[in-house]
Amino acid sequence: MRLSQFHLRTEKETPADAEIVSHKLMLKAGMIRKLAAGLYTWSPLGLRVLRKVEAVVREEMNRAGAIEMAMPSIQPKELWEETGRWAKFGPQLLKIRDRKEQEYCFTPTAEEAVTDFFRQEIASYKQLPVNFYQITSKFRDEIRPRFGVMRAREFIMKDAYSFHADDESLHAQYRTMYDTYTRIFTRLGLKFRAVAADTGAIGGSASHEFHVLADSGEDALAFSETSDYAANVELAEAVSPGARPAAAETLRDIETPTQKTCEEVAALMGIALARTVKSVAIMAGDGDGGGQFVLALVRGDHSVNEIKLAKLPGLADYRLATEAEILEYLGSEPGFLGPLHAKKPVRVVADRSVSALADFVVGANKPGFHIAGVNWGRDLPEPETADIRNVVEGDPSPDGSGALRMARGIEVGHVFALGRKYSEAMKCTVLDASGKAVNPAMGCYGIGVSRIVAAAIEQNHDDAGIRWPQAMAPWQVAVCVINPKNDPAVAEAAETLHAELNAAGIDTVLDDRGLRPGAMFADIELIGIPHRVVVSGRGLEAGTFEYRARSAAEAENLDRAALLARIANG
């Protein structure tokens, strides 16, 4: 490939509307161009990187025994109504009509379409298990698309769907896909973590997310320093701190005229923030059409985990209580709330860390006052106890190995054990060994192919531009021609090296654009090519080439044998 015959247009200035590094560098390097909000055209350069990622994904999926297919991006309303997701998926589902006023959606995911295909094609358990996958465009109507292709409305996704005669087979395939994803992200040269995750709107019995570790990640992750334990903070268990100490203080009112937060109260009293208790007032349905008022209690140095809280009995549809409801049940204003002296019966749910406290401080349900020296069993009934908080750095790992560390992650893959949610809803059956019609178990497995490109940049960049991992770079080597005198020998040497490297299976581009060295080198660094080789008249005279790895601070002069060995070794 010659850059003189390739479309490459880089930018010197950072785009004003780009917020994160990957968005800025993809625009500066000319990889993408904005067409509309959340919609991007991939340039020839960007497409080369995208295809490199797709190739690794495809090779590993094929290796795992999955079968590639292609389903329409436009799907009929009727299929989505079978599962109830036409109404439930929400405004992210882009709905359209054709000239006959028939309704369709631009698919964000393809559980319905693949289940419909399966129920027409597969009749017997003898044809199972089977795993179908595709790599196609998807569309989700994000309310605020941002960060370039990281959160675009249209994106490239690999989605796979497996069908099984029993749960044992599903779990085996789930593990196979987990291992396959591990190989994919390892081959792509990414630092990543697989974390246990909430199943969310897609549903199912098991779920793991694969995150590229980056400071700009939207997801908070918790992982053990000494084991393989890792989980999204939404799911990470906060273990009990142990036995509760004995009460040592008397119950007493503390005047806090302007102190409403736990931090302010702890500072006024000169005590540790961990001795204060935060009361979060919520309302939930009680099953009889009424409402249930609940106080969720966490330590002052902790925060409520909304997903954990919603999983408790009766709290699936909870919301924050209004000031009027707080006044009705507690007789107080926000800032002084607590479980003592409520006006009406209140359900109290205490986090494990709160249940283990003695002599703690809570709001007095009286403006301007808190209560100190509070103890369970003496001043309050023993609480309903649950894990309802977010873990924090230094918490014990739930697997008993080491302490938890926190990191930010960019989700690039997700595996779900769906069970029979979709096959039952769509009346999809196969005959089992006894001839009985049964609903197959399903799994689904997604990878954000275009998001991987952005995530890799977030993890691999410097002040000069992108630093691609070898497997993702648009080319492995750039051969740069320095030929101010139009020396035919230099041009010939560059052509020969370019051809030799490509013949050896090393993807190499020849920069023969005739740019000045500074501009040429800046482009090569910006677009992130791992190896740069300069061919010049001076080097030919000395029998050397100037070589610089993208990760190196300085260039070095190498003869042909040393150069080829250095490139071959990465």
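The views below show a predicted model.

**Figure 1. The second largest pocket draws on helix H7 and strand E14.** This pocket holds about 300 Å³ of space. Its lining counts 18 residues. Nearest the pocket centre lie Lys 260, Lys 278, Ser 279, Gly 335 and Leu 337. Two elements, helix H7 (262-269) and strand E14 (277-285), each give two or more residues to the lining. E14 supplies the largest share, five residues. By class, the lining has ten nonpolar, five polar and three charged residues.

**Figure 2. The largest cavity is lined by residues that include Ile 524 and Arg 550.** The structure holds one cavity of 30 Å³ or more. The space in the largest cavity comes to about 60 Å³. Its lining is made of Ile 524, Glu 525, Ile 529, His 531, Arg 532, Arg 548, Ala 549 and Arg 550. Helix H14 (517-526), strand E29 (531-536) and strand E30 (545-549) are the elements that give two or more residues to this lining. Three of the lining residues are nonpolar, one is polar and four are charged.

**Figure 3. Helices H2 and H6 cross at roughly 150°.** H2 spans residues 44-63, and H6 spans residues 167-187. Their axes come within 10 Å. An angle over 145 degrees counts as roughly antiparallel, and H2 and H6 are therefore roughly antiparallel to each other. The crossing of H2 and H6 is right-handed. On the H2 side, the contact is made by Val 56, Val 57, Glu 59, Glu 60, Met 61 and Arg 63. On the H6 side, Met 177, Thr 180, Arg 183, Ile 184 and Arg 187 take part. The contact residues of H2 and H6 comprise five nonpolar, one polar and five charged.

**Figure 4. Helices H13 and H16 cross at roughly 40°.** H13 covers residues 488-503, and H16 covers residues 560-568. The two axes come within 12 Å. H13 passes H16 in a right-handed crossing. From H13, the residues in contact are Leu 497, Glu 500 and Leu 501. They meet Arg 560, Leu 563, Leu 564 and Ile 567 of H16. The contact of H13 with H16 has five nonpolar residues, no polar ones and two charged ones.

**Figure 5. A cis peptide bond joins Leu 128 to Pro 129.** Omega for this bond is near 0°. Pro 129 sits in the loop between helix H5 (111-121) and strand E7 (130-139).

**Figure 6. Phe 147 has a positive phi.** The value is about 65°, although Phe 147 is not a glycine. Phe 147 belongs to the loop between E7 and strand E8 (154-164).

Key
Residues numbered from 1 in each chain as written. Predicted model: local features only at pLDDT ≥ 70, side-chain atom pairs only at ≥ 80, totals over all residues. Heavy atoms only, no water. Axes fitted to C-alpha atoms, helices over the stretch in contact; angles between N-to-C directions. Helix = DSSP H or I, 4+ residues; strand = E, 2+ residues; numbered from the N terminus. Parallel < 35°, antiparallel > 145°, perpendicular 65-115°, else oblique. Left-handed = near helix turned anticlockwise from the far one by under 90°. Contact = heavy atoms within 4.5 Å. Nonpolar A, V, L, I, M, F, W, Y, C, P; charged D, E, K, R; others polar. 1 Å grid on protein atoms, 1.4 Å probe; cavity = no way out; pocket = protein on both sides within 12 Å on 5 of 7 lines; lining within 4 Å. Points joined across faces, edges and corners; volume = space filled by probe spheres on them.
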